[in-house]
Amino acid sequence: MEAWAREADQITLPRLADVGAHTRPNQLGTTYAEHEYAALADEQEAAWAASGENSARQHAASAAGLETPAVATAFILAEAGKEVVAAQADRQHATQVLAPYVRRGPGEKLRYWIAWIVLVLGDTGGVWSAAVVNGDVPMIAFFQALASGVAAACSGLVGAELKDMRMARVRRRDLDSLTDDERRYQRFFTSRNDGVGIVKLIGALSLLVVALVAVGIFALRAAIEGNISGLTFGLLAAATALASGLLTYSASDDVADLLASMGKRVALAEKRYLALANHKAIVGRAAHAATAGSVQTEAKLRGEAAAKRVESLGWRVQRNNPGVLGHGFAPGESRGAIGWRTRRGDI
């Protein structure tokens with residue numbers, strides 16, 4: 001710009017005669033200097049637009065490369081949003097209808113898992129120590145003992161079936177008395193005896209597991225420490241298995257389990273939705289597109305500013321040559337001025 005200013009200052013037009021202040025002559029059209037600076041102004045806008053396009057090219061190309069995966073991700077994101085809405089609606093509906101039938105208090109499920117793990121570890125410790133004293137390899141003995149402890153604790157899971165059957169009888173209602181909302185969960189209100197035989201079979205198998213674990217520990221301890229010690233640890237193993245059943249019975253609540261599973265479904269759906277919303281294709285395309293647009297906008301504005309600067313230099317040439325172009329236009333006239341931004345094809 002400084003070079004252009006110096007160049008504009010050096011432009012002079014020959015004077016025909018000394019005159020005083022006067023307006024631009026009517027017989028004088030647009031001078032070559034005016035055309036020159038109008039063209040230079042046009043050049044600045046085009047040059048800056050090209051510069052902006054060049055600077056934004058990499059971002060525009062990156063955004064275009066992410067177009068297809070971003071569109072695909074956006075489609076999946078929309079479906080995931082529907083899943084979130086459906087999961088939340090199901091949970092809210094189930095909570096509204098079934099909340100009065102929840103019998104398990106807050107924190108009881110956590111207490112159940114802590115107690116269940118303690119029972120497993122206690123039974124495991126008793127078997128492991130006896131096996132090591134008996135000469136087994138500690139690592140192998142540990143896994144055998146752990147399996148024994150888990151088996152004893154799992155034998156009590158039948159307590160959940162018994163609790164669910166009892167609660168179903170408590171909630172039992174005639175099918176015709178259920179509301180439309182309650183019919184969606186009619187299995188909680190229509191107790192049936194079809195599965196009693198299966199529950200009895202599972203209960204018998206659980207008692208068999210208790211007996212086998214107790215006899216096995218009795219035999220192991222008796223061989224090492226005598227019958228009294230074997231009987232003690234065998235009874236403790238049986239008590240552990242039975243306590244697991246009582247623990248499961250107290251903590252079981254099929255309605256609370258359903259509501260908890262729906263809550264987990266909502267959490268997983270929301271987590272998946274947020275992960276898709278932050279997918280690199282969507283985020284990257286948006287970032288590159290915004291950057292490219294910003295660069296192009298900046299270049300366009302700089303081009304317009306440069307064009308105005310060149311236009312002002314054209315006026316400067318006229319100001320420096322009043323002998324030919326006058327000191328200004330007559331009132332109400334602006335013809336032939338560079339302020340019109342003369343374009344190619346208009347002259």
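## R173 and its loop

R173 is partly exposed, because its relative accessible area is 29%. Partly exposed covers the range between buried, under 20% relative accessible area, and exposed, over 50%, using a 1.4 Å probe and protein chains only. R173 sits in the loop between α6 and α7 (180-183). The model is predicted, so local features need pLDDT of at least 70 and side-chain atom pairs pLDDT 80 or more, while totals for chains, interfaces and linings use all residues. Residues are numbered from 1 along each chain as its sequence is written, and side-chain values use heavy atoms, without hydrogens and water.

R173 is in contact with Y101, L178, E182, F189 and T190, leaving aside neighbours within four places in sequence. Contact means heavy atoms within 4.5 Å. R173 and A306 are 133 residues apart along the chain. Their C-alpha atoms are separated by 84 Å.

## α6 against α8

Helices here are DSSP runs of H or I with at least four residues, strands are runs of E with at least two, and both are numbered from the N terminus. Helix α6 covers residues 158-171. It packs on α8 at an angle of about 150°, with the axes 9 Å apart. Each axis is a line fitted to C-alpha atoms, for helices over the stretch in contact, and angles run from 0 to 180 degrees between N-to-C directions. α6 and α8 are therefore roughly antiparallel to each other. The cut-offs are under 35 degrees for roughly parallel, over 145 for roughly antiparallel, 65 to 115 for roughly perpendicular, and oblique for the rest.

The α6 and α8 crossing is left-handed. That means the near helix is turned anticlockwise from the far one by less than a right angle; clockwise gives right-handed. From α6, the contact uses V158, E161, L162 and M165. From α8 come V196, V199, I202, G203 and S206. By class, the contact of α6 with α8 has 6 nonpolar, 2 polar and 1 charged residues. Nonpolar means Ala, Val, Leu, Ile, Met, Phe, Trp, Tyr, Cys and Pro; charged means Asp, Glu, Lys and Arg; the others, Gly among them, are polar.

## A219 in α8

A219 also belongs to helix α8. At 44% relative accessibility, A219 counts as partly exposed. G234 is 15 residues from A219 along the chain. The C-alpha atoms of A219 and G234 are separated by 8.2 Å.

## Helix α4

Helix α4 runs over residues 108-133. Its 26 residues should span 38 Å at 1.5 Å a residue, and the end C-alpha atoms are 38 Å apart, so the two agree. The expected span is 1.5 Å times one less than the number of residues.

Which residues of α4 are buried? They are Y112, W116, V120, D123, T124, G126, V127, A130 and A131. Their cover includes α5 (138-154), α8 (196-225) and α9 (227-251). Just after α4, G135 takes a positive phi of about 105°.

## α3 against α10

Helix α3 (residues 67-98) meets helix α10 (residues 254-277). Their axes come within 9 Å and cross at roughly 160°. That makes α3 roughly antiparallel to α10. The crossing of α3 and α10 is left-handed. The residues of this contact divide into 17 nonpolar, 5 polar and 6 charged.

T73 lies in α3. T73 counts as buried because its relative accessibility is 8%. Not counting residues up to four places away in sequence, T73 touches L276, H279, A281 and I282.

## α1 against α11

Helix α1 (residues 2-10) packs on helix α11 (residues 280-319). The angle is about 20° and the axes are 9 Å apart. α1 and α11 are therefore roughly parallel to each other. α1 passes α11 in a right-handed crossing. On the α1 side, W4, A5, A8 and D9 make the contact. They meet V310, L313, R316 and V317 in α11. The contact of α1 with α11 holds 6 nonpolar, no polar and 2 charged residues.

A8 has its place in α1. A8 is buried, because its relative accessible area is 0%. Leaving aside neighbours within four places in sequence, A8 is in contact with Y37, L313, V317 and N320. How far apart in space are A8 and R166? They are 101 Å apart, C-alpha to C-alpha, and 158 residues apart in sequence.
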